[in-house]
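Me: Hi! I'm new to this one and would like to talk through its pockets, cavities and ligand. Could you bring it up?

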Amino acid sequence: MCGIVGYIGEHQATDVLLNGLEKLEYRGYDSAGIALVTGRGTEQFKVKGRIDALRQRVDGQSQSTMGIGHTRWATHGAPNETNAHPHQSESGRFTLVHNGVIENYQALKEDYLQDVDLVSSTDTEIIVQLVEQISKKHEQTAAAFREAISILEGSYAIAMIDQEDSGTLYVAKNKSPLLIGIGDGFNVVASDAMATLKETDQYVEIEDQEIVFVQRHHVTIEKLDGTLVNRIPYTAEIDMTDIEKGTYPHFMLKEIDEQPIVMRNIINAYQNEHDELRLEPEIREAMTQCDRIYIIACGTSYHAGLVGKTFLEKLARIPIEVHVASEFSYNMPLLSEKPLFIFISQSGETADSRAVLVKVKEMGHQALTITNVSGSTLSREADYTLHLHAGPEIAVASTKAYTAQIAVLAILAVDTATKKDITLGFNPLQELAIAANAMEMLTDQKAVFEDLAEAYLDVSRNAFFIGRGTDYYVALEAALKLKEISYIQAGGFAGGELKHGTIALIEEGTPVIALSTQKHVNYAIRGNVQEVAARGANTMVISTKGLDEETDAFVLPEVHELLTPLVSVVTMQLIAYYAALYRGCDVDKPRNLAKSVTVE
Ligand code: F6R
């Protein structure tokens with residue numbers, strides 16, 4: 001959600017900015033812009049729509065070795081050119097890009113900007129106008145910038161240029177991600193190392209409430225009170241091939257195909273030389289000392305949390321509650337005496353989850369984050385982190401991160417059970433390896449799912465997914481996947497619940513896709529399929545070997561019953577993918593969605 005790139009150096013900034021913004025496209029955006037300091041002053045180029053359009057708009061004559069760029073996902077104000085970033089102060093001296101939400105922008109407007117003509121409806125313009133007003137009483141821009149930043153409330157990642165000082169990029173951060181990339185003769189600023197990996201693999205993290213002065217050969221980090229901060233750069237461990245599509249038509253398909261490899265990466269990462277699980281002793285301790293676990297997440301990660309609840313309750317015998325983060329922060333349930341919080345987040349930056357993390361840390365509770373991005377905010381602010389090892393996920397619709405979350409939750413459950421001397425009777429790593437092979441068998445049969453998508457969803461305006469037990473949780477994820485990329489109205493339901501209302505929606509030809517991978521509910525879900533079929537539904541059953549019937553559309557290879565979500569979801573991801581293709585949708589960048597949702 002929103003992306004920032006900045007460059008200061010010896011080469012042309014335009015290409016670095018545009019290439020960087022392209023790499024941030026996956027985060028979701030609806031307008032984009034760049035600002036360059038040139039011999040003609042600060043030149044801005046903005047468009048509503050894609051970076052391609054911005055490329056066309058940028059004037060080839062604009063030579064500059066310093067600039068800032070931004071992709072915007074509209075929050076305050078419509079997605080149009082006026083509201084697109086960068087924003088400029090009244091005189092045109094200061095130009096700024098911002099991610100996040102300024103909560104006190106109305107108050108700042110009334111207190112400082114009564115006489116300023118604002119041109120946009122954004123909270124961001126308030127910041128740049130504020131810097132200009134405050135700069136009138138300071139000789140140094142650095143002092144004005146610091147003062148302006150210190151009165152902002154809310155979340156922000158900011159990069160600013162001062163036309164009268166083409167040697168410095170002014171940067172600040174609070175609760176929104178931002179990194180400084182260190183180069184030889186240049187430095188960059190980026191929301192995500194992926195944006196500027198082509199330029200450098202050396203990065204410095206910025207912490208909340210720090211400001212940074214980025215110059216060609218020098219980076220100065222300060223706390224808001226002016227104290228200098230010394231921070232050593234780290235090497236970003238992202239492989240360029242991870243962030244390129246290669247021969248794939250879409251990142252989503254590439255990421256679906258990567259799932260077996262991700263499973264194997266997880267097995268390698270979490271086993272020791274004796275083929276045993278290895279988790280940090282502190283995590284084991286926290287897992288065994290708590291009396292209840294609260295899993296907090298959003299969207300797909302929440303669905304993974306539901307599957308994780310089954311593992312943790314069945315294997316480790318710990319009571320689990322799974323909560324949608326945005327609800328939990330406003331409607332906190334009565335907590336147990338020794339709660340442990342598990343945050344599941346692919347990006348590690350989701351604002352709704354972070355709001356809960358901040359609250360529970362203030363209450364003195366322990367927190368473990370399961371994330372794909374080490375160094376992300378949720379990882380840094382929790383007591384412990386378990387890494388997903390899924391590699392960068394670029395498609396907005398999460399696929400490999402979801403299965404990685406389930407695999408890591410399974411490992412966590414088994415490890416805790418072992419620590420509690422609970423006998424399981426199976427080798428979890430071996431079972432995960434079997435599931436990885438099964439996933440590969442599915443991704444090798446794409447044509448089957450392409451045909452199923454055409455047969456069931458090509459012209460349909462709605463679809464229902466049903467299941468019981470963990471199949472119900474996968475049905476929720478299947479429905480989310482289909483609606484977010486194909487825009488088909490879809491819902492996931494517990495099989496037994498349909499007759500309590502939703503069955504009223506079933507009419508001739510309505511697609512109902514049922515999962516049957518759990519022996520103890522096979523008979524019951526089959527009954528639910530009959531109920532909707534009798535009312536005209538176009539039913540499709542995906543079952544697992546041993547539970548299959550002749551009319552089933554697809555039979556999944558056998559895996560450990562607890563791990564069936566890992567394989568059944570692959571069929572759902574592929575069906576959603578092909579349904580979206582049939583409808584001509586932008587699979588990797590669905591409308592209105594952002595990859596990393598950094599606003600509440
Ligand atoms: C859907 C999807 C979202 C995310 C949700 C949470 O495909 O990706 O529902 O799962 O926005 O994001 P993270 O996991 O980054 O906290």
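Me: How much space lies in the second largest pocket?
Reply: About 620 Å³. This is a predicted model, where local features need pLDDT of at least 70, side-chain atom pairs count only at pLDDT 80 or more, and totals for chains, interfaces and linings use all residues. Residues are numbered from 1 along each chain as its sequence is written, and side-chain values use heavy atoms, with hydrogens and water left out.

Me: Thanks! What counts as a pocket here?
Reply: On a 1 Å grid over the protein atoms alone, a pocket is an open set of points with protein on both sides within 12 Å along at least five of seven lines. A cavity is a set of points where a 1.4 Å probe fits but cannot get out, and lining residues have an atom within 4 Å of a point. Volume is the space filled by probe spheres set on the points, which are joined across faces, edges and corners.

Me: Which residues are closest to the centre of the second largest pocket?
Reply: Cys-298, Gly-299, Thr-300, Ala-594 and Val-597, out of 27 lining residues.

Me: And which element gives the largest share of that lining?
Reply: α16 does, with 4 residues. At least two residues each come from α9 (299-314), β18 (339-345), α11 (351-362) and α16 (470-486). Helices (H or I, at least four residues) and strands (E, at least two) are DSSP runs, numbered from the N terminus.

Me: Where does this pocket lie relative to the domains?
Reply: Domain 2 (246-443) and domain 3 (445-589) both give residues to the lining of the second largest pocket, so it lies between them. The domain bounds come from an automatic or database domain assignment.

Me: Switching to the ligand: how many residues surround it?
Reply: There are 14, and the closest are Ser-301, Ser-345, Ser-347, Thr-350 and Glu-484.

Me: What about the largest pocket?
Reply: About 830 Å³ of space lies there. Of its 34 lining residues, Asp-192, Ile-238, Asn-372, Val-373 and Ser-374 are nearest its centre. Domain 1 (3-238) and domain 2 (246-443) each give at least three residues to this lining.

Me: Last topic: how many cavities are there?
Reply: The count is 2 cavities of 30 Å³ or more. Of the 16 residues that line the largest cavity, Cys-2, Trp-73, Thr-75, His-98 and Gly-100 are closest to its centre.

Me: And what is the volume of the second largest cavity?
Reply: About 90 Å³. Residues lining the second largest cavity include Phe-311, Val-414, Glu-431 and His-560.

Key:
A residue is near a molecule or strand if one of its heavy atoms lies within 4 Å of it.
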